[in-house]
Each structure stands twice: as C-alpha cells, then as structure tokens.
Amino acid sequence: MNFAMALDYQSCIDCKACEVACKEENGVQLGADKQRIWVTQSEKSIFGEPFVALHPSQCNHCQDAPCVDVCPTGSSYFALGGIVMTNKDTCILCKGCMEACPYDARFVDDTHVAVDKCTFCYDTRIVNGEMTTACQATCPTKVRLFGDLDDEEGELIQMLTKRKFYVLKEDEGTVPKLFYMLPEHDKNFAMNSVDPGTNIYTWDTYKPIIEMAKAKRKPQWQTMQE
Amino acid sequence: MANYAGIEINAVSLKSLLTSKAMYVAYGFLLFALFGVIDVFYERYFLLSATAFDAGLAPGSREVAEAMRAAVFGPGGEVKREAPWSLYIVNYMYMIYVGSGIIFIVAVAELIDIKLIKKAAAGYLTLGLAMIIAGLFTIMMDLNVLHLHHMFLSPRFTSGMWLMLPLYIVYIPLVIFEIYLILAHKDVWVKKIAVAILILSLLVEFVEFYVQAKLFDMNSARHLWTTYPVLPLYFMVSSFAGSAAMMILHTYLVYRHTDRSKCAGLMSIIQKLTLYTVLALGAYEATAYLFIDKKWAEIILFGAFKYYFYAYLAMAVGIPFILLFKDFTHNGYKILASVFIIMGTYLGKMIFVYGGNAYPMSDRFGVGFEKYSEYEPVRDVIFFMPPLGEIAIVVGSFGIIILLYKVVDTYFSVSKMQEH
C-alpha cells in the first residue's frame, strides 16, 4: 500500500467543512492557526476584477519527507503505507521538522507540547480498515480523493490516469503525494491558480518518480507508534 | 588551601562567594531567567485552554464562550508555524559557537606555543565552557524537557539534532579535563598527555562546527541555510570574531589591575587575532551573498532586514576594523571594538536565524503568497517578536556565565596566570 490523495481544487467552495471535520474527529487543538488541514487563498485581479484562488492544503505526506530525517527521536516517522506520522509522546519539540517542511504543514499542539500534523486519519480511520479520511467524507463538492497508489484498479489511480495533475514545490525534491488536479477545461482558472512554469504530470510520468522514492524510503516504514 | 588530585583548591567560605560583587550581578541576570522559566513553563505546562468538550459540558456558559474565543483568536501559543526557530536558537548558537571558538583559539595557541595565551588559558577555557553551558540552558528551555529522555530511548543517529547529544557528552568533559590539565601542571604525566588531549579537542571542535552546520543544512526548505557557502566555515569565521572580542573583554576585566604588563601583551596579541577574524568575516559576507538564494538575499540585502544587515556589518566588521587597524595604545579602543563585535555578531546570528524563516513557505502554487485563514493578512516577510518569557530566559543566560565563571575562579583561581 502507498497512500496518497488527489485534490480537485477547482471544486473547493471554502465552506471549511473539511477543517471542522478534521478538528472534531481528530481532536485537534482549537485555534485559527492550529490546523491540520486548511484552505489558503491567493488573491489577484484580472482586468481589474478580483480573483481568488482557493487551495485546500495539508501535509503532502512526501514519499521522501525531509521532516523525518531531521527528527532526533524518531517521533516523526513513516507509518505503513508511507504516511508521515508524529508521535507526540516522544516529540521533544525541537521544531526541526517544522523548519524542514516546505509546506508549513506542521504546528505545535500546545495541549500536548508537541508537534502535530495531518495523519490522513491513519490512527482514527485507516488502521480500522476504512478507506476515507474525515475531510474527504465531509466535503460537499468532492474535492478530495484518498486512495492507494499501489491499487491500479482503485478510484485514485483511475482518476490520476484520466486527468493531468501537478505537485507542490517539486524542486524541493520531497516527492509529495498530494496531487492537484489541473483544471484542464478552464484555462483561465488554471492559469491563475498555478505558476505556468509548474511541471504538469500524467500518472505514467509521475509513477517512476514515486516508485524510486518509495524504494528508497520503504525500509523505514513501520507500524504505528502507540 | 587544599590540594586534590594535583590541583589546589582555595579555602573560601560560601558566604564570601555568595556575597561578592560579581555574584550580585549574576543574581540580577538570573532573576530574569527565573521570571522567564516560570512564565514559559506556566504557559507550556499549566495554562488550561478551552476545548470543544468544555462547550459540550457547559453549553451557554459565558465564561466558556469567552475562553473559546481566546483559544481560537488568541495569540496561538509560543511557537508560530511560519517561524519555529526564534531567539532561543539565536542565543543558543551565539553562546555555543563563541564559547567553542574561545576553546578552539586557546587550543591552537597552546599547540603553536603562544606563551601569554597559554598562561591565561584556564581562564579563557572556563569562560568558553560557561558560555556553552549557558547556550545549553537556553536550548533546554526551548525544548519540551519532559520528553528529553527520548533522546536516549529512541535515538535517530543520523539527525543533526540528535548528534548534539553525544557531541556535548564528549565535548564538555574534554574541556573540563583540559582545564584540569592546566591547573595540575606540575604533574609529569599531565605534560605527557597534554598534546594528545589538545589534538583530540581540536578534532572535536571541527566535528562540532560540522554538526552545527548539518543541523541547519538538513532543513532543505530554508534556502538561506542551505545555500550559505561552506556553512561550517562560516560558523567558524563568525564565531572566532565574537570569541576574540570576548577574550579582549575578559583579559581587560581580569588582568587590568593584577598583571598590567602581561595584560598589555595579551591585549596586543588578541587585538591582532581579532583584526584577522574581523577581516575574514567581512570577506566571507562580501562573497556569501553571491551564492545565497536570491529570494532570501533580497529580503536581507534590500528588503525588510536591510537596516539590520548593514548595522551588523558596521558593528561586527567596519567599526572594529577602524578601531583595531591602527595600533592605539589606549585600551579603550580595543574594548569599544570588542563591544561592537559582540553586539554585531549577535545581530548577525539573529539575521541568520530569523532570515532563514523570513521568506514565507506559503508561495506553494507559484501564484503569490497565500494567507492561511480569513483572520490573517498575507505575509510577504515572516518575523514575529519573541514572547517576554523567551527574552527573559535569553537575558538570564548571561547570569549563568557570570555565576559559573565566578564559582570556578573562586575555588580554582583559573584567572591566575599559570606556568605550564
């Protein structure tokens, strides 16, 4: 198994249902800045008309995650399925993982005095055999699709083979596993929601990158730390 | 006076130690540390924050509603997700690097036989060690001390952060042993192993600067740190300038009344050393920004950090160079130069740490910086003022240096010139 998520971000209506579901189901600390998942906004104007791009975001669960390497106690680790997890009981709050993350995906959970982040609901859903995350289950416009990259028949791979996508900050070499689906039929939206220089992938072109990073990191995958 | 394991221990009453002038100065600083520790620990471990469960248990409660509002829209804890490393790291870096730099300079002086520095070596090494311990105190306060035992229980050996543990477990006893060797100079066996220990300590110094650089270099997202050319070398060069300045101040404060001729000689040697280190630092900074990622370089050279950067260059390089280049006989110029260097290099460390976080990570789609919620403005430069408790701990760490130095000097006379 190799878990990942596709985001059809053009469908996001910024209703925040995903944020609420994540907080409620995972017991995330209250606070406007304490988010495992969030929807960012970048504002522009086109011919004087305001344009807002909504970008639903969370941890990219990078296949080659730098946050795991810097952790001195193994508190940041790869769980089975390549999900990047944190163990709050062994976190010494050195904050190195927060510095290493190119996506600002980590924050300090003050109630546990430890670093927190998105787990793809691994501890609350996936280990119990479910194949959806709280954010996916609650989204009214079906922005998110969680799935297994090793399941060629699965819904996720089916979607990735049909549509083009891109990943964030590819130059950082982290091999992210959040796939942003390119709004192919709305060139105007696509042009204004992503840098024109970004590499656009099909599954055939991205799969070898994922496989190479997976081969490097899979020996580090481990069962969930209690 | 008693003799134990080859070193003489002064018979000084605890009362006279605790009521000395230097200790009163230390107490003043330590009061800040105490306030900071209480403030930080209270907020970190004892302050209760409202949760959704509270709302469920007491629906309609005005107090709970107020507490939830504070939890959601309040300052949001001591650590900001956009700038996790802050003043703690600045102070840690400064204390550790400058302290290690002093120890490095003394070890080299011993090896190449600079007699005056050799005579004052015990005092310098004690100062360096006290700074390292003050730095470790600062970083301890930054971390979750209740979980620190996991550094032993579940180590990740390849992490730069973890490598600090074995490093200081070896390094600190080694420096203490060096000081012991100097104080126990009459023993023959001491003379036999002294050179071996010196070489070992120099090797550990190189390892230390390498590990410190690895700590920053592993954060691949912060390009200021990853594109700084030869980071261990930069750490060494910038540290040595601060170390030499500290040695000037120490020499003046300790020897100005007791050993005037040797004080003048020492000041002259360290003045030259300071001049070379300041020149090296200037040359390094002049070329480094040719290689540093332009997004970060723009903020530091021409953006929000520019006045701090030029103030740093003026204080750490420009003004000291003018004051030290001409061999003024009056010590006032050297003292003034060293004070400027100490302040300037501290500012330099601030620029390095805060500058590393200054370029926001939020431009993830390449269409401009994003804001994380409706409640925040879009930030094109990241900077947050450190909380009061953090500032107090940093100020208080200077008290630890004074306290440790005074205690060791009172009982072991480390500031006395030693023949060895």
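Mentor: Two strands pair if DSSP finds at least two bridges between them. Keep that in mind, since this is a predicted model.

Trainee: In which sense do strand E4 and E5(A) pair, and over how many bridges?

Mentor: Strand E4 (residues 76–79) of chain A and E5(A) run antiparallel, with four bridges between them. Find Phe78(A) and look across: Val84(A) in E5(A) stands opposite. The two strands form a hairpin with three residues between them. Within that hairpin, Gly81(A) has a positive phi near 90 degrees.

Trainee: Which way do the side chains of strand E5 of chain A point?

Mentor: The general idea comes first. In a regular strand, side chains alternate between the two faces of the sheet. Now the case here. Strand E5 (residues 83–86) of chain A sends Ile83(A) and Met85(A) one way. Val84(A) and Thr86(A) point the other way. All four are buried.

Trainee: Why does Met85(A) count as buried?

Mentor: Count its neighbours. Met85(A) has 22 other C-beta atoms within 10 Å, and 20 or more count as buried.

Trainee: Which residues does Met85(A) touch, leaving out those up to four places away in sequence?

Mentor: Tyr77(A), Ala79(A), Thr119(A), Tyr122(A) and Met224(A). Met85(A) and Gln225(A) are 140 residues apart in sequence, yet their C-alpha atoms are 8.9 Å apart in space.

Trainee: Let's move to another sheet. What is the strand order in the open sheet of four strands in chain A?

Mentor: Read across the sheet: E8-E1-E10-E9, with mixed pairing.

Trainee: In which sense do strand E1 and strand E10 of chain A pair?

Mentor: Parallel. Strand E1 (residues 3–7) and strand E10 (residues 178–181) of chain A share three bridges. Ala6(A) is opposite Phe179(A) in E10(A).

Trainee: Now helices. How do I describe a packed pair?

Mentor: Two packed helices are described by the angle between their axes and the distance between the axes. Take helix H13 (residues 260–288) and helix H15 (residues 306–325) of chain B: the angle is about 140 degrees and the axes are 9 Å apart. That makes H13(B) oblique to H15(B). The crossing of H13(B) past H15(B) is left-handed. Their contact holds ten nonpolar, three polar and one charged residues.

Trainee: What is the handedness where H14(B) and H16(B) cross?

Mentor: Right-handed. Helix H14 (residues 294–301) and helix H16 (residues 331–358) of chain B cross at roughly 125 degrees, and their axes come within 9 Å. H14(B) is therefore oblique to H16(B). Trp296(B), Ile299(B) and Ile300(B) in H14(B) meet Ile351(B), Gly355(B) and Ala358(B) in H16(B). This contact has five nonpolar, one polar and no charged residues.

Trainee: Last, the interface. How many residues of chain A are in contact with chain B?

Mentor: 50 residues of chain A, and they meet 48 residues of chain B. Several elements of chain A supply at least two residues each, including strand E3 (49–58), helix H2 (66–70) and helix H6 (187–193). E2(A) gives the most, with five residues. By class, the side of chain A that touches chain B has 23 nonpolar, 14 polar and 13 charged residues.

Note on methods: Residues numbered from 1 in each chain as written. Chains lettered and ligands numbered in written order. Predicted model: local features only at pLDDT ≥ 70, side-chain atom pairs only at ≥ 80, totals over all residues. Axes fitted to C-alpha atoms, helices over the stretch in contact; angles between N-to-C directions. Parallel < 35°, antiparallel > 145°, perpendicular 65-115°, else oblique. Left-handed = near helix turned anticlockwise from the far one by under 90°. Nonpolar A, V, L, I, M, F, W, Y, C, P; charged D, E, K, R; others polar. Contact = placed C-beta atoms within 7 Å. Buried ≥ 20, exposed ≤ 12 C-beta atoms within 10 Å, placed from the backbone.
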